[in-house]
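Welcome! Here is a short tour for anyone opening this structure for the first time. Keep the view beside you as you read.

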Amino acid sequence: MVKITFIGQASFTFEADGNTVLTDPFIDGNPVATVSADSLNPNTILISHAHGDHIADVVSIAKRTAATVIAIVEIAEYLHGKGVENVKPGNFGGTLSFEGGSAKFVPAWHTSSFTDDDAKVAISIPAGFIIRFGGKSIYFAGDTGLFGDMKLIGEEGIDLAILPIGDNYTMGPVDAVRAAKLIGAKQVIPCHYNTFPLIQQDPQAFKADLEAQTDCVAVVLNPGESYDLN
Ligand code: NI
Ligand code: MN
């Protein structure tokens, strides 16, 4: 069993067997988050790409908790330079182990950059993850548009896919339904919507469309809500 808690945007915690994985921490500046970054105690942090709405709180949380941060090489090196002690750099196709599970880097169609001391720096290219944890396989898509190789990801047997539906910066709800079909996931949790005006969506409409067209079930979580993946 994995307890999945939605913090907001692409920030989630996964808890199983005493271990906690945190994805893309954007918490204290996140207008929809119901928790503070200080309240989280992950062992592992997964970073999909370097946009501010995915890495805003990673340095502070990693320094306080000594969590291991898994990210694409260039992002991992950047964070190490910012004082994050424990980084595990990887790259596409690689599977990296962490306490209680593993994460495999898969592609995501998006961009990645960060503003550091007023300089816009492009750090790496974005990733998604296939996460094996608590006996479950979770596809965390990150920020991405639809792409055909989601079918290959689905061949790995995905229990739950976490997909962006906000549109504008990522795929919207229509393409997210197409993604769910390619992946063949049993369940989908939508994310990356309703954090800002530009990504307003109706997750219940997405759920209705998905469930009308597939056997996949959508689990809609409000920020702060949890779901037990059994
Ligand atoms: Ni992004
Ligand atoms: Mn984003």
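Let's begin at a covered spot: at 0% relative accessibility, Ala103 counts as buried (buried means under 20% relative accessible area, exposed over 50%, and partly exposed in between, with a 1.4 Å probe and protein chains only). This is a predicted model, in which local features need pLDDT of at least 70 and side-chain atom pairs count only at pLDDT 80 or more, while totals for chains, interfaces and linings use all residues. Residues are numbered from 1 along each chain as its sequence is written, chains are lettered from A and ligands numbered from 1 in the order in which they are written, and side-chain values use heavy atoms, with hydrogens and water left out.

**Around Ala103**

- Ala103 lies in strand S8 (residues 101-107); helices (H or I, at least four residues) and strands (E, at least two) are DSSP runs, numbered from the N terminus.
- Not counting residues up to four places away in sequence, Ala103 touches Leu46, Gly94, Thr95, Leu96, Phe98, Phe129, Ile130 and Ile131, where contact means heavy atoms within 4.5 Å.
- Ala103 and Gly128 are 25 residues apart along the chain, and their C-alpha atoms are separated by 9.3 Å.

**The metal site**

- Four residues coordinate the manganese ion (ligand 2) at 2.1 to 2.3 Å: Asp53 (OD), His54 (NE2), Asp143 (OD) and His192 (NE2).
- Donors here are N, O and S atoms within 2.8 Å of the metal (3.2 Å for Na, K and Ca), and water is not among the atoms, so sites may look incomplete.
- Along the chain, the donors of the manganese ion (ligand 2) follow the spacing D-H-x88-D-x48-H.
- Asp143 is a bridge between the manganese ion (ligand 2) and the nickel ion (ligand 1), which lie 3.0 Å apart.
- Asp53 is buried, with a relative accessible area of 15%, and His54 is buried at 0%.

**The sheet**

- Seven strands make an open sheet with mixed pairing, in the order S7-S8-S11-S12-S13-S14-S15; two strands pair if DSSP finds at least two bridges between them.
- Strand S7 (95-98) and S15 stand at the edges with a single partner strand each, so one side of each has no neighbour in the sheet.
- Strand S12 (residues 136-140) pairs with strand S13 (residues 160-164) in the parallel sense over three bridges, and Leu160 in S13 is the bridge partner of Ile138.
- S13 and S14 also run parallel, joined by five bridges, with Val188 in S14 as the bridge partner of Ala161.
- Both faces of S13 are covered: Leu160, Ile162 and Pro164 are buried on one side, and Ala161 and Leu163 on the other.

**Nonpolar cores**

- The largest nonpolar core has 28 residues, and those with the most contacts inside it are Ile4, Phe12, Phe14, Ile131 and Ile162.
- Strand S11 (residues 127-133) gives this core its largest share, four residues.
- A second, separate core of 25 residues includes Tyr139, Ala141, Met171 and Ala176.
- A nonpolar core is a set of buried Ala, Val, Leu, Ile, Met, Phe, Trp, Tyr and Cys residues joined through side-chain atoms within 4.5 Å.

- Pro203, Phe206 and Leu210 are buried in helix H6 (residues 203-213).
- Seen down the axis of H6, its buried residues fall within an arc of 55°, so they line one face of the helix; the arc is that of the directions from the helix axis to the C-beta atoms.
- These buried residues of H6 pack against helix H5 (173-183), strand S14 (187-191) and strand S15 (217-218).
- In helix H2 (residues 58-65), the buried residues include Val58, Ile61 and Ala62.
- They cover an arc of only 95° around the axis, which puts them on the same side of H2.

**Positive phi in two loops**

- Gln9 is not a glycine, yet has a positive phi of about 55°; Gln9 sits in the loop between strand S1 (2-8) and strand S2 (11-16).
- Asp17, in the loop between S2 and S3, also has a positive phi, near 50°.
- Gln9 is buried, with a relative accessible area of 1%, whereas Asp17 is exposed at 74%.
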